[in-house]
There are 4 protein chains.
Amino acid sequence: MIHSFEVIVRYAETDMMGIVHHSVYPIWAEAARTDLMKAMDYSYTEVEKSGIMLPVTEIRFIYKKPTFYEDIVTINCAVTHLDNRRLKLDYSVKNKEGEVCVIGYTKHLFMGVETRASMRIPSAVLDKFKSFYHPEFTQIP
Amino acid sequence: MIHSFEVIVRYAETDMMGIVHHSVYPIWAEAARTDLMKAMDYSYTEVEKSGIMLPVTEIRFIYKKPTFYEDIVTINCAVTHLDNRRLKLDYSVKNKEGEVCVIGYTKHLFMGVETRASMRIPSAVLDKFKSFYHPEFTQIP
Amino acid sequence: MIHSFEVIVRYAETDMMGIVHHSVYPIWAEAARTDLMKAMDYSYTEVEKSGIMLPVTEIRFIYKKPTFYEDIVTINCAVTHLDNRRLKLDYSVKNKEGEVCVIGYTKHLFMGVETRASMRIPSAVLDKFKSFYHPEFTQIP
Amino acid sequence: MIHSFEVIVRYAETDMMGIVHHSVYPIWAEAARTDLMKAMDYSYTEVEKSGIMLPVTEIRFIYKKPTFYEDIVTINCAVTHLDNRRLKLDYSVKNKEGEVCVIGYTKHLFMGVETRASMRIPSAVLDKFKSFYHPEFTQIP
């Protein structure tokens, strides 16, 4: 499944160029990721309570078109890499006209909350992520 | 009418105390205000296009209880003062249990986009705001 | 002593009005507060390590003039109320021309990290804050 | 020349993991870029006044170690690609112990403020950037 999440652009998210500041897209991607995990019935709040963290190890975003204040923006995302220790999600941000404005990915490491070290993810958790695994959704090859 | 607007708390909005950072509430208030103006069929984007700006001249927020990552938070807001040149809105932020977590207000000046000076608001615009005028909603006397 | 702290306005801190967004001033006030506490040889990092938190219970800011990208901005601050359980600081934000652009205050509660309840502050800590206690610096009466 | 710029981590920049949120590093990179352009006697404010914008077309950051509240962080940056229409800068973020915490790059397009279209940069401007051109500073090959 590709997961779809909507945001309405906030005034505070714009900059003096009159467009959404580029640092906002990683925050929207994170909100979409939160929503994807809720959709797979494993909210990130639950993840952290079960002793697992998912820190970001890499982000990459390519900006094609700006988005503007009050725009209703759709973020599509899916898991594009998954193994016992690592996770990658790709994102596509579209404006109301359906134009792709921004694409990108984030990479994550499964890490123990206590140990703060890399850990193998339990297979039950891995299975949940698999329902959103779509390597063909990769936005930046 | 009291206007009601929902946000889902983003991870980036939390701080190392584990709660939503206090500077986030003015941003949520602004998003609720945007939504209120859309509901009165006069989006803030339209406002600025018609040559009127609504800069913030004062904010005040009182923090009673924290909100947390992934919480679904409701912001109620209404116009609590309105004249030809000035506008005040009050806000009440509730968590899912209906507890009031934060209250506050923002004050605004009607200002010409070109002149950057205070201006009298056209009466047609004033009328639109009147439908959300509820001085009894005042949160901080 | 009145404490003085400088920031250079970041591009990301501007909005589509071309000025610094109003939600940024509480963040600058916090950075000035951090610097004040470092100057009294009691960094906030130390505060939290010693089991004391200083959550914000109220903020109020009045906006007189905008500040702009790349401006060098001075935030003056001092303690304007202090007792065993509560703290208030006032702030004055000036641009390079020395014009007062924004004034405001923040109120804080001494709270135990473990108990998450209000606590009496140790007198040694109280003494440190006293060196920055200047009720006459109050910006908003 | 490699340009060096310091920031002190703000409380608002941390998240509930207790570390600086990953979306903050692009903002620090931008502040370092602003400072680099000031050092080459061509502030970005001047750039925009002369009718040239430098929108971000791509960002990429790799996170190796966290940074924490109150840390004094050094951002080194240099121009790693430069032609008539495009600019790339690389960044290295170090903590006080000199450990590399985050590396990354940003790509930019020279764009006309009026036309909002890609433009050739004047050679006088190009020359200014050349003093910070160090392709060997590339952090992510």
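C:Cys101 lies in strand β6 of chain C, which spans residues 100–109. The model is predicted.

**Surroundings of C:Cys101**

- C:Cys101 counts as buried because 21 other C-beta atoms lie within 10 Å, and the cut-off for a buried residue is 20 or more.
- Leaving aside residues up to four places away in sequence, C:Cys101 touches C:Lys64, C:Lys65, C:Pro66 and C:Thr67, and also C:Val93, C:Lys94 and C:Asn95.
- C:Val73 is 28 residues from C:Cys101 along the chain, and their C-alpha atoms are 9.4 Å apart.

**Symmetry of chains A and D**

- Chain A is superposed on chain D by a rotation of 180 degrees with 0.0 Å of shift along the axis, at an RMSD of 0.0 Å.
- The two copies are therefore related as by a two-fold rotation axis.
- The C-alpha of A:Arg60 is the one in chain A nearest the axis, at 2.1 Å.
- Both copies use the same surface, since 100% of the contact residues of chain A recur in chain D.

**Contact between chains A and D**

- Chain A gives 15 residues to the contact, and chain D gives 15 residues.
- On the side of chain A, the elements giving two or more residues are α1 (25–39) and β3 (56–63).
- β3(A) provides the largest share of that side, eight residues.
- By type, the residues on the side of chain A are 10 nonpolar, three polar and two charged.

**Strand pairing across the contact**

- β3(A) and β3 of chain D (residues 56–63) run antiparallel and are joined by five bridges.
- In this pairing, A:Arg60 stands opposite D:Arg60.

How values were computed
Residues are numbered from 1 along each chain as its sequence is written. Chains are lettered from A and ligands numbered from 1 in the order in which they are written. This is a predicted model: local features need pLDDT of at least 70, side-chain atom pairs count only at pLDDT 80 or more; totals for chains, interfaces and linings use all residues. Helices (H or I, at least four residues) and strands (E, at least two) are DSSP runs, numbered from the N terminus. A residue is buried if 20 or more other C-beta atoms lie within 10 Å of its own, exposed if 12 or fewer, and partly exposed in between; C-beta atoms are placed from the backbone. Two residues are in contact if their C-beta atoms, placed from the backbone, lie within 7 Å. Copies are superposed by least squares on the C-alpha atoms of residues with pLDDT of at least 70 in both. Ala, Val, Leu, Ile, Met, Phe, Trp, Tyr, Cys and Pro count as nonpolar, Asp, Glu, Lys and Arg as charged, and the others, Gly among them, as polar. Two strands pair if DSSP finds at least two bridges between them.
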